[in-house]
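This report covers aromatic pairs, a surface patch and the strand arrangement. The sequence and structure come first.

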Amino acid sequence: MDKFYNINYEEQETIVNIDYYKKEVLLYTSRKAAHERIVKKIGKPTKKYYTNKKISGASWIIPFENKKGITSILSRPTLIGNMK
């Protein structure tokens with residue numbers, strides 16, 4: 001697995017965009033922990049973003065037909081985790 005770029009905590013984000021016209025869910029994250037949990041749930045990202053040859057973010061496109069995949073990623077433990 002590629003190394004993950006060390007992003008400042010204040011700059012880390014996870015974005016979920018639901019595109020009703022294209023009938024797909026677009027998911028982007030720059031958090032390493034969220035990236036690892038999402039990969040376990042739905043597999044490799046559609047696109048990876050790199051900074052200095054290290055992963056700085058990833059995005060997935062999940063079609064509405066993949067109901068199980070959408071349900072598994074749209075949960076608090078997957079997207080946020082157990083933060084203190």
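Tyr20 is exposed, at 62% relative accessible area, while Phe64 is partly exposed, at 26%. Buried means under 20% relative accessible area, exposed over 50%, and partly exposed in between, with a 1.4 Å probe and protein chains only.

The model is predicted: local features need pLDDT of at least 70, side-chain atom pairs count only at pLDDT 80 or more, and totals for chains, interfaces and linings use all residues. Residues are numbered from 1 along each chain as its sequence is written, and side-chain values use heavy atoms, with hydrogens and water left out.

## Aromatic pairs

A pair of aromatic rings is described by the distance of the centres and the angle of the planes. Rings of Phe, Tyr and Trp (its six-membered ring) pair if their centres lie within 6.5 Å; planes under 30 degrees apart count as stacked, over 60 as edge-to-face and the rest as tilted. The count by this rule is two aromatic pairs. One of them joins Tyr20 and Phe64, edge-to-face, with 6.1 Å centre to centre and 70° between the planes. This pair links distant parts of the chain, 44 residues apart: Tyr20 lies in the loop between strand S1 (14-19) and strand S2 (24-29), and Phe64 in the loop between strand S4 (54-63) and helix H2 (67-73). Helices (H or I, at least four residues) and strands (E, at least two) are DSSP runs, numbered from the N terminus.

Tyr28 and Tyr49 also pair: their ring centres are 5.7 Å apart and their planes stand at 70°, so the pair is edge-to-face. Tyr28 in strand S2 and Tyr49 in strand S3 (residues 47-51) are 21 residues apart, and the pair links distant parts of the chain. Tyr28 is partly exposed at 22% relative accessibility, and Tyr49 is partly exposed at 31%.

## Nonpolar surface patch

Val16, Ile18, Tyr20 and Leu74 make a nonpolar surface patch of about 380 Å². Patch residues have over 30% relative accessible area and no salt bridge, and nonpolar side chains (Val, Leu, Ile, Met, Phe, Trp, Tyr) are joined within 5 Å. A salt bridge is a side-chain nitrogen of Lys or Arg within 4 Å of a carboxyl oxygen of Asp or Glu. Ile18 belongs to strand S1 and is partly exposed, at 37% relative accessibility.

## Sheet

Four strands form an open sheet in the order S1-S2-S4-S3, with antiparallel pairing. S1 and S3 are the edge strands, each pairing on one side only. Two strands pair if DSSP finds at least two bridges between them. S3 and S4 pair in the antiparallel sense over five bridges.

Methods: Patches are made of residues with over 30% relative accessible area and no salt bridge: like charges are joined within 9 Å, nonpolar side chains (Val, Leu, Ile, Met, Phe, Trp, Tyr) within 5 Å. Accessible areas come from the Shrake-Rupley method with a 1.4 Å probe; for residues, only the protein chains shown count as cover.
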